[in-house]
Amino acid sequence: MTHEEIGLSGTPKKSVTIVIDGRKCRADEGEIVLSAALREGAAIPHLCYEASLDPYGACRLCMVEVCHNGKTSMVTACTLHATEGLEIRTDTPEIVKYRNVLFELYLAEAPKSDVIKEMAARYGVTRTRFLKKIDTDDPLGGSCVLCGLCVRVCNEIMGAGAIGFVNRGPYTVVGTPFFEANTDCIGCGACANVCPTHAIRIEDRDGERVMHSWGGGRVRLAQCGVCGKYYAPGALTAATLARLLPPLRDDLAGLCPACRAKRIADEEIRVNMRGGADHHVRPRRS
Amino acid sequence: MTGAAEADLPAREAAGLRKLKPDRPRIAVGLATCGAAMGGDRVYRRFQEIIGAGGDDIMLTKTGCIGYCREEPQVNITIPGRPLVILHRVDADDVEEIVTAVRAGEVPYEMALCRVPSWDHVTGTTVEYGGGFDRIPLYQDVRFFSHQKKVVLRNAGFINPEDIDEYIAVGGYAAAKTALTEMEPDAVVAEVERSGLRGRGGAGFPTGLKWRITRKAPGDEKYIICNADEGDPGAYMNRNEMESDPHMLIEGMIIGAYAIGAREGLIYLRAEYPLAIRRLELAIAQARTCGLLGERIFGTGFDFEIRIVTGAGAFVCGESTALIASIEGRTGRPHPRPPRLTDIGGGLWKKPTDLNNVETWCNVPVIIQNGGDWYARIGTEKNTGTKVFSLVGKVDRVGLVEVPLGTSLNTIVFDIGNGGSQGKKVKAVQTGGPSGGCIPVRLFDTPVDYENLNRVGSIMGSGGIVVMDEETNMVDIARYFVNFATGESCGKCVPCREGLKHTLLLLNKIMAGKGTEKDLDTLGLLADTIQKTSLCGLGQLAPNPVLTTLAYFREEYGALVKK
């Protein structure tokens with residue numbers, strides 16, 4: 001990704017005016033409309049949107065009505081880019097009608113999810129006419145809505161690719177290959193963190209991180225060299241440390257976050273007492 | 001690097017004509033997949049045995065399919081100076097009798113379907129066969145053929161699809177030569193625009209406009225792709241186009257690549273069409289040998305290559321963004337547009353890409369050869385040209401039919417198809433495959449074109465027409481197509497994945513006699529929601545069979561639900 005693409009090119013983005021439910025708001029040109037609307041406090045439900053990932057448009061809950069040249073159409077706000085004068089409505093009778101059916105579909109698909117129940121209830125949907133999916137063996141506990149956030153974060157952000165979609169259509173599920181423990185998993189837990197319905201179960205015990213939802217895979221946790229606590233998966237720690245420069249890397253290796261903070265603070269105090277500079281910020285010349 | 005030898009078209013043309021009209025009898029067995037499935041390959045093998053035993057006084061060869069599926073297997077007999085005679089429903093046991101007759105300068109009359117004294121290959125070439133055999137009906141007097149207009153299928157069933165010489169003999173690659181050596185790319189685009197040709201994959205987007213957009217898109221690297229992922233139940237137009245006349249597709253792509261400015265073309269072809277894959281691979285190799293593909297084609301500075309990419313059995317990969325994902329090696333799941341394929345960042349390997357259906361490409365050579373104005377005179381003002389339809393289901397004369405756009409369903413189903421099979425009454429047709437709608441017989445005066453089919457709740461689609469008779473239960477039909485679409489949904493967006501599943505569950509419940517009036521309301525609302533909120537065309541169109549049967553055959557639903 002270039003600096004231009006992530007907005008670091010130095011030139012500020014052009015500001016445009018968009019109209020949300022009759023109210024004028026500012027947005028950056030090209031900004032995802034859902035992001036701008038949420039910032040403005042608009043009540044648009046969504047499950048598959050995450051700012052750091054590519055637009056996906058799968059949950060269909062964020063559909064808004066766009067008015068263009070007098071013609072209206074329904075589009076997902078998470079794939080819509082802000083342009084000058086763009087006018088959207090979030091609560092037309094049509095939007096409400098279709099959104100309610102979608103909520104009913106979600107209630108049937110993830111009957112165990114409290115997040116879905118609460119979200120649907122906020123929009124006035126408390127029951128579903130559709131047959132509820134009951135699967136007592138579901139490693140995702142009947143709460144997965146296939147928003148794809150876990151798969152995308154594992155692939156796009158972590159670069160691990162440990163999980164993916166299996167099967168297609170109504171048989172689609174998320175899992176590791178053959179639902180077995182996957183050695184590609186570094187145990188980072190980003191999947192569980194990003195999951196909107198808290199469907200992914202991960203547990204740290206006995207010096208290991210157990211990926212209950214992903215075939216019971218186990219990742220060794222690194223132990224702090226000072227306090228002895230298990231603090232993070234070893235593979236993740238190694239990957240993170242590899243990005244640091246040697247003095248800092250060597251200083252922090254094998255420390256838990258708390259001991260790390262203490263070590264840095266101690267070092268700063270020691271250096272400052274001597275009136276020296278912070279060698280972590282400015283690497284020493286060899 | 002030196003280019004390939006300039007294509008020697010006149011020599012190939014002469015060689016091809018000697019094969020089409022040899023100085024000895026020619027027997028050509030119709031061997032597209034349909035012919036082979038009906039026993040054509042057994043017939044061919046029997047001919048090999050019998051002719052082989054008696055010397056080489058008879059030329060035995062293959063052709064594609066003329067489209068009259070009900071009458072397969074078919075065999076063309078050409079005796080020098082006599083009309084070409086098409087034999088139908090030939091069995092391996094008939095072969096000996098046929099060979100004996102042919103050796104005596106005759107044909108077995110009782111097996112003859114029709115005779116063709118001369119055949120117009122539309123591109124300015126008419127092959128004169130000869131006179132005689134007056135007892136056999138003329139081609140144009142056979143009712144299955146008499147209402148048709150063959151443009152795309154002009155060579156199908158006449159030439160050997162595995163021999164480039166025969167394609168060249170009937171005017172093939174002349175259009176490509178004209179385009180590359182005498183026309184500027186912009187003029188080629190303008191000619192296609194003038195023709196009014198619209199996308200034959202079903203959406204009907206103006207082809208010339210799509211070409212112009214891709215041509216104008218920034219960047220030197222562009223791709224053209226042929227969508228040959230035909231997967232609608234009951235539709236096999238593209239299969240026959242590729243199996244019976246593969247060079248027409250290649251020629252169309254050469255012209256398109258030149259007009260758009262692409263150096264590489266891909267054919268995304270479903271793996272379920274092994275014969276089409278084999279024939280296209282052969283045709284590409286032949287075209288390369290003749291210098292029609294590769295570097296410096298026709299001695300110009302234009303280089304072009306075509307490569308086949310096979311699908312892996314997913315219907316959704318016919319959707320443009322899923323198709324690109326599949327070619328790039330990713331899972332075939334659609335993503336939201338824009339960016340469109342023609343945009344930078346949206347096409348194959350993020351380069352601007354023009355994607356057209358097989359039949360769209362096949363229309364290109366004749367447009368260049370005869371001119372856009374000539375083409376625009378066929379059909380209606382906004383729906384020019386012909387369209388190939390597969391007329392299947394409970395219809396008497398099953399087959400592939402090619403008619404000018406704007407022809408009414410009445411003409412297609414009753415005049416060409418002769419109504420229901422076994423004399424039963426026709427009730428409805430389903431057009432456009434699983435994404436189309438069911439049109440009741442009272443609306444059969446509807447002209448078949450993009451807008452009028454939309455008006456009655458269906459779509460053109462790629463061209464499948466499935467006929468239903470009085471014994472067909474329309475709820476079951478809706479259930480069948482929803483079942484298909486549910487199985488083919490990629491599972492990405494919730495209305496398609498979950499909505500279609502629940503549509504199917506509701507339809508099963510209704511079919512089992514356990515549904516209620518309330519279920520019908522839920523069904524209608526759910527179908528409407530799926531149509532309005534799905535991510536891609538598969539989901540947006542999949543409820544059409546439900547919505548149209550609810551609108552036109554509500555009483556059949558009513559009869560099934562509890563009162």
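Domain 2 of chain A and domain 3 of chain A bury about 600 Å² between them, with 58% of that area on carbon and sulfur atoms; buried area is the accessible area (1.4 Å probe) that two parts lose on being put together, summed over both. In domain 2 of chain A, the residues that lose the most area to domain 3 of chain A are Glu109(A), Lys112(A) and Val115(A), together 53% of what that side buries. Chain B and chain A bury about 2,400 Å² between them, 63% of it on carbon and sulfur atoms.

This is a predicted model, in which local features need pLDDT of at least 70 and side-chain atom pairs count only at pLDDT 80 or more, while totals for chains, interfaces and linings use all residues. Residues are numbered from 1 along each chain as its sequence is written, chains are lettered from A and ligands numbered from 1 in the order in which they are written, and side-chain values use heavy atoms, with hydrogens and water left out.

**Domains of chain A**

- Chain A is divided into domain 1 (15–91), domain 2 (95–134), domain 3 (137–224) and domain 4 (230–273), with bounds from an automatic or database domain assignment.
- The centres of domain 2 of chain A and domain 3 of chain A, taken over C-alpha atoms, are separated by 24 Å.

**Domain 2 against domain 3 in chain A**

- Eight residues of domain 2 of chain A are in contact (heavy atoms within 4.5 Å) with nine residues of domain 3 of chain A.
- Zero salt bridges are found across this interface, a salt bridge being a side-chain nitrogen of Lys or Arg within 4 Å of a carboxyl oxygen of Asp or Glu.
- By class, the side of domain 2 of chain A that touches domain 3 of chain A has five nonpolar, one polar and two charged residues. Nonpolar covers Ala, Val, Leu, Ile, Met, Phe, Trp, Tyr, Cys and Pro, charged covers Asp, Glu, Lys and Arg, and the others, Gly among them, count as polar.

**Chain B against chain A**

- The contact takes 29 residues from chain B and 27 residues from chain A.
- Val494(B), Arg497(B) and His502(B) supply 21% of the area that chain B buries against chain A, more than any other three residues.
- Three salt bridges are counted between chain B and chain A.
- Lys97(A) forms a salt bridge with Asp528(B), their closest N and O atoms being 3.4 Å apart.
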